[in-house]
Amino acid sequence: MASLLEPPFISNHQLFSTTHHSLQPQKAIPFYYYVPFSRSSTACSLGLCAVGGNVDSPTLPPPATVVSEEGVQDYKVSLERSKDRRKVVKLAWEKLVRWSRYWRSKAKTDVLERTNKVVVLGGGSFGTAMAAHVAHRKGELEVNMLVRDPEVCQSINEGHCNCKYFPEHELPDNVTATTDAKAALLHADFCFHAVPVQFSSSFLEGIADYVDPGLPFISLSKGLELNTLRMMSQIIPRALKNSRQPYVVLSGPSFALELMKKLPTAMVVASKDKKMANSVQQLLASRNLRINTSSDVTGVEIAGALKNVLAIAAGIVEGLNLGNNSMAALVAQGCSEIRWLATKMGGKSTTLTGLSGTGDIMLTCFVNLSRNRTVGVRLGSGEKLDDILNSMNQVAEGVSTAGAVIALAQKYKVKMPVLTAVARIIDNELTPAKAVYELMNLPQVEEV
């Protein structure tokens, strides 16, 4: 047994001699290991000594601290509690997994199975991302995008990419594009509306003759019509001259680029028709997209519209370099203002704390990919609004929606200082710096 512990090298840890060029192995000097004796209960390190050499007195650790009997007992109790906590956490996780498996086993897929064609109105970034997502759900599914730009149409059909928004991302083969509304809508089972809000009425009126009265419309557009203050749930039935047109709104924290990359995302579908909401949930839910359902159409739409205005305000704070304290205070105040208006209009306060409320607000206000936040940053940095908008190839809905916010606030008698200030800045009636001064000098009030 001792021979197994004897290393085949010399005392200076060299296997070969450095004084002879022949590099012949030198005779190994046997070593033995020893364990220094200590009266302490503390563990000691293993020693190493050559045969015939002197055993140096090792540096012993300090004597162990005397622990009282109460201290030992406290330690044992703490250890048991720690084990109990780990057991509770493990049990809770196992219950969650079992619950998840149970519901996954009951999940229906008949909607996806019987869906043959989906049409996407609009060739923008989010419409393209949603078209790609749905196409990936079922290879035999026909996904037809109705676009107005012939160049984009050609790039989708021939190059399998949207040359304007996603030139580096390949679209599934079952995604096609057309500029013919009648062909796009023919035999469609679901319709995704991804046209900017301010152009939706005129666009829908132009294609109304080709829309089946029972075709479910899933709105991806966020905002309020500037002159009428209408939401998409009011715009679509009115433009199509069909008050019974099935309607669902899809909203939540979701950047088109991350959807294209299949990164984990969670959204909510809201409809007054619970069965319709469940159908859209079945159509969209996948491993990388989680879909919750809601009946609060008003709450989801108002949150989705006003968060764009708040994102402009957050961008202004960033552009003025006002710091993190200001940013947190501004967004918190903005969330309250959105909640006040939404609940006055019939929305649920719980909706405003969910994906379409707080979730979407956080994403849009704090992340540089947000178009509306970018507008705010550039305004805060001193750029003119016209120059900003002319340099962008996508619509920042918050710019148009800001004007509607003031009218809604007056209609429902809700004070909305932050969002009103944004509208004043956009109308060029207030500078960003002056707006901050005015907001900071508002009366000190009780937290609501």
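Predicted model: local features only at pLDDT ≥ 70, side-chain atom pairs only at ≥ 80, totals over all residues.
Biologist: Let's start with S8: which residues point one way and which the other way?
Modeller: Tyr247, Val249 and Ser251 point one way from S8, while Val248 and Leu250 point the other way, and all of them are buried. Buried means under 20% relative accessible area, exposed means over 50%, and partly exposed is in between, with a 1.4 Å probe and protein chains only.

Biologist: Okay, how many helices and strands does the chain have?
Modeller: There are 17 helices and ten strands. Both are DSSP runs numbered from the N terminus: helices are H or I with at least four residues, strands are E with at least two. The chain has 448 residues, and 43% of them count as buried.

Biologist: Back to S8. What runs parallel to it?
Modeller: Strand S7 (residues 217-219) does, joined to S8 by three bridges. Two strands pair if DSSP finds at least two bridges between them. Within that pairing, serine 219 has valine 249 as its bridge partner.

Biologist: And which helix goes with S7 and S8 in the β-α-β unit?
Modeller: That's helix H7 (residues 232-240), and the unit is right-handed. Right-handed means that, with the strands pointing away from the viewer, the path from the first strand over the helix to the second runs clockwise.

Biologist: In which sense do S8 and S9 pair?
Modeller: Antiparallel, over three bridges, with S9 covering residues 265-270. Serine 251 stands opposite valine 268 there. S9 also pairs with strand S10 (residues 289-294), this time in the parallel sense over six bridges. Getting from S9 to S10, the chain passes through helix H9 (residues 274-284), and that crossover is right-handed.

Biologist: New topic. How many salt bridges are there in the whole structure?
Modeller: The search finds eight. A salt bridge here is a side-chain nitrogen of Lys or Arg within 4 Å of a carboxyl oxygen of Asp or Glu. Take aspartate 360 and lysine 222: their closest N and O atoms are 2.6 Å apart. Aspartate 360 sits in helix H12 (residues 355-366) and lysine 222 in the loop between S7 and H7, so the pair ties together parts that are 138 residues apart in sequence.

Biologist: Is aspartate 360 buried or exposed?
Modeller: Buried, at 2% relative accessibility. Lysine 222 is buried as well, with 16%.

Biologist: What about arginine 114, which residue forms a salt bridge with it?
Modeller: Aspartate 110, with the closest N and O atoms 2.9 Å apart. Both lie in helix H2 (residues 110-114), four residues apart, about one turn of the helix. Arginine 114 is exposed, at 53% relative accessible area, whereas aspartate 110 is partly exposed, at 32%.

Biologist: Where does proline 196 lie?
Modeller: In the loop between strand S6 (190-193) and helix H6 (197-207). Leaving out residues up to four places away in sequence, proline 196 touches Ser221, Val395 and Glu397. Touching means contact, with heavy atoms within 4.5 Å. The C-alpha atoms of proline 196 and lysine 222 are 7.7 Å apart, although the two are 26 residues apart along the chain.

Biologist: Which residue has a positive phi of about 65°?
Modeller: Histidine 187, although it is not a glycine. Most residues other than glycine have a negative phi. Histidine 187 is in the loop between helix H5 (181-185) and S6, and it's exposed, at 66% relative accessibility.

Biologist: Last one: which residues form the nonpolar patch on the surface?
Modeller: Trp93, Leu96, Trp99, Tyr102 and Trp103, with about 630 Å² of accessible area together. Areas come from the Shrake-Rupley method with a 1.4 Å probe, and for residues only the protein chains shown count as cover. Patches take residues with over 30% relative accessible area and no salt bridge, joining like charges within 9 Å and nonpolar side chains (Val, Leu, Ile, Met, Phe, Trp, Tyr) within 5 Å. Tryptophan 103 is in helix H1 (residues 69-106) and is partly exposed, at 46%.

Notes. Residues numbered from 1 in each chain as written. Heavy atoms only, no water.
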